[in-house]
Amino acid sequence: MRKFLVSFFFFSFLVFLVNFLMSGDTRGSDGTVGVATCKACHSKHYESYAGSIHAKKAIPTSPASKDGCESCHGPGAAHLEKMGAGGAGIFIFSKKLADAEQKSARCLSCHSETPLINFWDMGRHRAAGISCDNCHTVHSGTPKNLKARQPDLCLICHLSIRAQQNKQSHHPIREGKVKCTDCHDSHGGFGTKMIAANSANELCYKCHAEKRGPFFWVHPPVEENCLTCHVPHGSNHSKLLIDKPPKLCQACHDAAGHPSAPYTSFETFKGPATGSKNRMFARGCLNCHSNIHGSMGPSTRGQTFVR
Amino acid sequence: MNTAIFILTAIVLISSPLCASAEEKKPEEEKAVTTGNVSMTGQYTDISGNRAKFNEYRDIREGVGVYVGGEAGYETEKYYLHGEAGNIGYRDQQYRFEGGQWGRFGLDLYYDQIPHNFTEDAKTFYSKPGSNRLTYPTQPPSTNINTWNSFDYDVMRKRFGGGIKMDMLKPFFFNVSANRENRTGTYPFGAAGTTPGGIAIELPAPIDYTTDAITFQAGYSKNPLLMSLSYSYSTFDNDNNNLYFRNPSNAATAALTDTLTLPPDNTYHNLDFRGAVKLPMRTKFNVDLGVSQAKSDASLLTSYVTTGGSTPISLSSSTFNGKVETQSYAFSLTSTPVSFMDGKIFYKYYERNNKSDQITTTDGADIFTNPLFDYKKNKAGAELGFRLPSNFYLSGAYTYTHVNREREDIPRNDDYLYNLGLRWSGLSFMVARLGYERLNRRADFEGQDLGGAEPWIRRFDAATQTRDTFKAILDVFPLENLNFSLGYKYKHSDYEDTILGFQDMAGHEFNFDVDYLLAKKVRFYGNFDYERAEEKQFQRTLNLTTPVYDPNITTSTNYNWTADQTNNSYGFTLGTDIYVVPKKWTLKLQYSYLKSNGNTDYAYLLNPATLAGLAPGGRTQDNIDIENWDDYSLRYYLAKITYEPTAALSCSIGYAYEKFIYDDAQYDGYQYVPATTGTNGAYLTGAYKDPSYEAHIVFLNVSYKY
């Protein structure tokens, strides 16, 4: 009996001690329980969090400088009381347990002052029900906490862009030389399609400064929008064109003489035509009109972009 | 430069693991963490066919190559450093370095080379292809291509730059970044020997561009207010503003040098203010005000070369000062006033003012002045989204755009764009999206007062059109280890007022993606993409000397024709990762295939007898069609086995096969000199000629991470 009582009191003391150490003295008056308590059950999550930027105390606004895990997941007391069952009593970044608005709101509670994210409300991603955790993982130590590198990350959702950038004529996206964010503000902005410029042309000129001109002889659709003739991600036709010259050019230039003639299989290298073939074979119209983006050339030579 | 970078990077990558070992001995409280990886791949590559297309944006050497890359990071509680390098010493090498103090400042430096290979082993009779003076010794140039000079068409971009971000004065922030890009190489330009009606000359033109850019940004961001002001300045410098070449058409004046103008030097300034302020009822007002100015200066040519010699022209000014200014104002109010509703209204104004010199050219009896192209765009709209019961989200939007441009045929457009979207996330394992968009574009057509065929031409960039777009997307993730996505898009543009030009465009796109992990032993992945694009074009042949413009009248030399183009493309990837011994042995197998098949069905709207009699005779509605219109296929096989003796070390051995086949009517039966005179005449160089290739790659990779 004595041994039993000693064992009982000793065991009870141990239970009390463990409970005290795990939660008793760390529980805050606001319902927070402290990082150590979270770590006791969620060691793997804690370790990944500890390796991330969120765990840097040197950043005044980081979770580590606030309430640790509970900065994002909310106070853990209720969660603890419910013995952690199925995420009860706490905020979980899960597709099943929270909608996109709720999840993004958690992130924006700290990041809404980040200049890059300030226009999140204006972007298509928010409107499409995308939340921060679709692209970012709170716990990882990857650059910018991204779940994958570009373009793979973006192509998870943008399947049609994946198909386009695989085409034979493409920007070097899949080769890793052009990133999606080189052209798009993924966090929202003022541009159509979230492009990172005030117009498509101003965006294109960042890499293609030679097209900026200003030219003596201008080609109006070129000046108004590069996307009149080009697609941005990939095309079956060379130079990311929407169609092949001469057909593409003829859609606008149906003037008397050679612009109006049909160039068919008869005008190819193999074709039997006795004239006009150099408007069709190889680069078609561009064999001669190579300054199609604008010219500084003299007289009609410049006007027609052949000099 | 490359050697220095190679050595520096190698030292960093090799020394980092040593540092890691040293760091482990440091007291724990410093919490210094060193991470990184080094990857080295030995590879044997056998390429047949077009090496330039195989290496379009990369540098995989034929024969044996060793490719080294990796990254290294060092972090303490206060500071961080991170560097990465790829393909060290190769033409597509890249380096990036970041460092800073958490929450106070950060800096980055980078160097990136982007090769763009167009054609290898092109040929020309010109000496020094790729220089700004192309000449040849005797007139006419040799047509024996075996005597011509060989060269490559390629352009190399070398970008380097960096930036600093300062957060230490929060809520104020300050960023500055600068970069330079040197672009060098040879690019296929072209010129008409005589104009109009002469030969075509393909010219290997020099690319020697330098683009510099610097951006400053300063701002204040603390709820409820954001203000940011940025200024960018960029210069573009072309070492060659003209390409001087001897023109094979100028037999009588062989010594005369012809000139092709190249892009002028320019400068660009951009000033942009962005702001946002949070208002009551979860509303935010956003503003973006931007102005920019691009300028160029050039001395204009005062003569040009013809077969008859040099023709002088008179210019009202021989110096051209180009200046284009833009203004952009955008305002937006976003709001979620109640939990079930999102709203947005916006207005955007964009104006492009061309303030370049207008110079009058007098060329014999011809007097003309360069037109200046301007436009103004006003755009306004509203969007509403409703969170409905049962996890439905319904959205609708309306956008009105008015464009006013300096153009004679269609000076004004009014676009009415309607969007409707429905999203359902009622099941925890699925999200379904439906979308519909309708564009009604109205054009103020004023071409009826213009001459020639203008009353009948409707240029597709501005023509009246009705466009319907339908989208459906389904994302399904029923199990932790299974997810797949389906997407379908249909787009149809009806250019209802168009007589001459594109009359109709339609496209279907279907995309599928799946990823499945079976019992943590085998991962299957795959995707399938299909696209069909259709285009209907109606045009009219007009005789040069006696044109009859009215499309309702048909003569033997003035008649209508149509071109119906279809492109069918599809591609798929099937792959599996078999974890033979989990975390030890992994077998990867992958097969990808991509195919595009294009054709154009031409029809001369003539009776069969007249058509058959057109020179050269024998034309029928069937034998004029083009069956190979940018046809291509790409096959890719990969087999790789990976062994991981430890968590840090991994070794892979594998084989990859890549085959690209291209077939196009414009390059079939390629001839460098199909004729030396007339409109069949050309002196070509082989630019873009037959890009087909086949490559076998055997590789051995060792990676170590720490």
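Predicted model: local features only at pLDDT ≥ 70, side-chain atom pairs only at ≥ 80, totals over all residues.
Glu509(B) sits across from Glu531(B), a residue of β29(B). Strand β28 (residues 501-518) of chain B runs antiparallel to strand β29 (residues 522-541) of chain B, and 17 bridges hold the two together. The hairpin of β28(B) and β29(B) has 3 residues between the strands, and there Ala519(B) takes a positive phi near 50 degrees. On to the next pairing: β29(B) is also joined to strand β30 (residues 559-581) of chain B, again antiparallel, through 20 bridges. Here Gln537(B) is the residue that faces Ala563(B) of β30(B).

Chain B also has an open sheet of 3 strands, ordered β6-β11-β12, in which the pairing is mixed. The edges belong to β6 (133-134) and β12 (257-261) of chain B; each has a single partner strand, so one side of each is left without a neighbour in the sheet. Between strand β11 (residues 242-246) of chain B and β12(B) the pairing is antiparallel, with 5 bridges, and Phe245(B) stands opposite Asp258(B) of β12(B).

Leaving out residues up to four places away in sequence, Leu243(B) touches Asn132(B), Phe189(B), Leu203(B), Ala205(B), Leu260(B) and Leu262(B).

As for the contact between the chains, 92 residues of chain A and 138 residues of chain B take part. On the chain A side, α9 (159-165), α12 (220-224), α13 (247-250) and α14 (299-303) each supply at least two of the residues that touch chain B. Helix α12(A) gives the most to that side, with 4 residues. Sorted by class, the side of chain A that touches chain B has 37 nonpolar, 33 polar and 22 charged residues.

Chain A itself is built with 14 helices and 2 strands. Its 307 residues are 47% buried. Of the contacts in chain A with a separation of 6 or more, 46% link residues 24 or more positions apart. The chain is divided into domain 1 (26-92), domain 2 (114-196) and domain 3 (210-303), and 62 Å separates the C-alpha centres of domain 1 of chain A and domain 3 of chain A.

Confidence in chain A comes out at a mean pLDDT of 87, with 90% of the residues at 70 or more. Among its elements, strand β1 (residues 169-170) of chain A has the highest mean pLDDT (97), while helix α1 (residues 2-24) of chain A has the lowest (47). Over residues 15-27 of chain A the pLDDT is below 50, and beyond near neighbours in sequence that stretch has 13 contacts in the model.

Definitions and conventions. Residues numbered from 1 in each chain as written. Chains lettered and ligands numbered in written order. Contact = placed C-beta atoms within 7 Å. Nonpolar A, V, L, I, M, F, W, Y, C, P; charged D, E, K, R; others polar. Domains from an automatic or database assignment. Pairing = 2+ DSSP bridges. Buried ≥ 20, exposed ≤ 12 C-beta atoms within 10 Å, placed from the backbone. pLDDT = per-residue confidence, 0-100.
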